[in-house]
Amino acid sequence: MTLQIIDGKALANQIKEELKLEVEHWVENGGKRPHLAAVLVGDDPASQAYVRNKVKSCEQVGFQSTLLKYEADMAEDDLLDIVKGLNENPEIDGYIVQLPLPKHIDENKILLAIDYRKDVDGFHPVNFGRMAQGLDSYLPATPMGILTMLDRYNIETSGKDVVVLGRSNIVGTPISILLSRKAKVGNATVTLTHSRTSDLEGHLKRADIIVAAIGIPLFVKKEMVKQGAVIIDVGINRVTSPDTKSGYKLVGDVDYDHVAPNCSHITPVPGGVGPMTVVSLLQNTMKAAKETIYNKP
């Protein structure tokens, strides 16, 4: 068995090139250049880095992008007004409100206020519900990126035992639904595990594919993984490190160095799922610009 690293960075760059050509063709034929907006509240360093990356990616594929930055102490009502303005702005095809938001702002209230037709993050209940029923929708960006990886690397999911570690609405729950659907990348038998699961190690040991999204650094150990398993590591955890200039490094939810030799495929951190999340957001925005799923508001 030869270990294959799933290179999310290289795959994301390949898809960006494909998107760039699609945008050029669309604009040449009279289409409006796709326009993605991002709302950033506060100065969380990780959020700032994500948003910068999204803006840069827009430039690479020929999208227009708008970044709206606000102080952490902005009022919830003011943010709702911003969302209303974006909903009504015909120039904006899709937009995201970067999470997490400051504690005094109700994230659910903000997400519900976003027009589902511009919800390129795929978090609105309309998109989530359509996804669960197998209807066309904007898929949540990280699960969509995972599906694309499995597809492009020709990893068989049909009939496989998949264990998803973590039940968040952003990753764990949607990927468990998507992989169990009747689809090209799907038809798997999925077990959704979490902090209350008994015999978690037993579940993991049986898995052909593990999607780790529990948010605990290096949680999945070598003895929890069977020979030849496929590992998709969604975790991005900052841990202190004496070996780096900054004093910290990024690690996943999987103990990569010890687990990788057991696997057939594995995603690294960084450079695995992260870049694919950004590219999925761009793909959803392209669909919004073309009105592939919904007509414009």
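Mentor: Let's start with a term: contact means heavy atoms within 4.5 Å. This is a predicted model, where local features need pLDDT of at least 70, side-chain atom pairs count only at pLDDT 80 or more, and totals for chains, interfaces and linings use all residues. Residues are numbered from 1 along each chain as its sequence is written, and side-chain values use heavy atoms, with hydrogens and water left out.

Trainee: Which residues is Thr193 in contact with, leaving aside neighbours within four places in sequence?

Mentor: Thr193 has heavy atoms within that cut-off of Val163, Val164, Leu165, Gly166, Arg167, Leu200 and His203. Thr193 itself lies in strand β6, residues 189–193. Helices (H or I, at least four residues) and strands (E, at least two) are DSSP runs, numbered from the N terminus.

Trainee: Why is Thr193 called buried?

Mentor: Buried means under 20% relative accessible area, exposed over 50%, and partly exposed in between, with a 1.4 Å probe and protein chains only. Thr193 has a relative accessible area of 1%, so Thr193 is buried.

Trainee: What makes the buried residues of α2 line one face?

Mentor: Those residues are Ser47, Val51, Lys54, Val55, Ser57, Cys58 and Val61. The arc is that of the directions from the helix axis to the C-beta atoms. Down the axis of α2, the buried residues fall within an arc of 160 degrees, so they line one face of the helix. On the other side of α2, Pro45, Arg52 and Glu59 are exposed. The cover over the buried residues of α2 includes α1, β2, β3, β4 and α10.

Trainee: What makes a group of residues a nonpolar core?

Mentor: The group must be buried Ala, Val, Leu, Ile, Met, Phe, Trp, Tyr and Cys residues joined through side-chain atoms within 4.5 Å. The largest such core here has 32 residues, and Ile146, Leu179, Val211, Ile232 and Val234 have the most contacts inside it. Helix α6 gives the most to this core, with 5 residues.

Trainee: What does Ile146 touch, not counting residues up to four places away in sequence?

Mentor: Ile146 touches Val171, Ile175, Val211, Ile232, Val234 and Val273. A second, separate core of 19 residues includes Val51, Cys58, Ala288 and Ile293.
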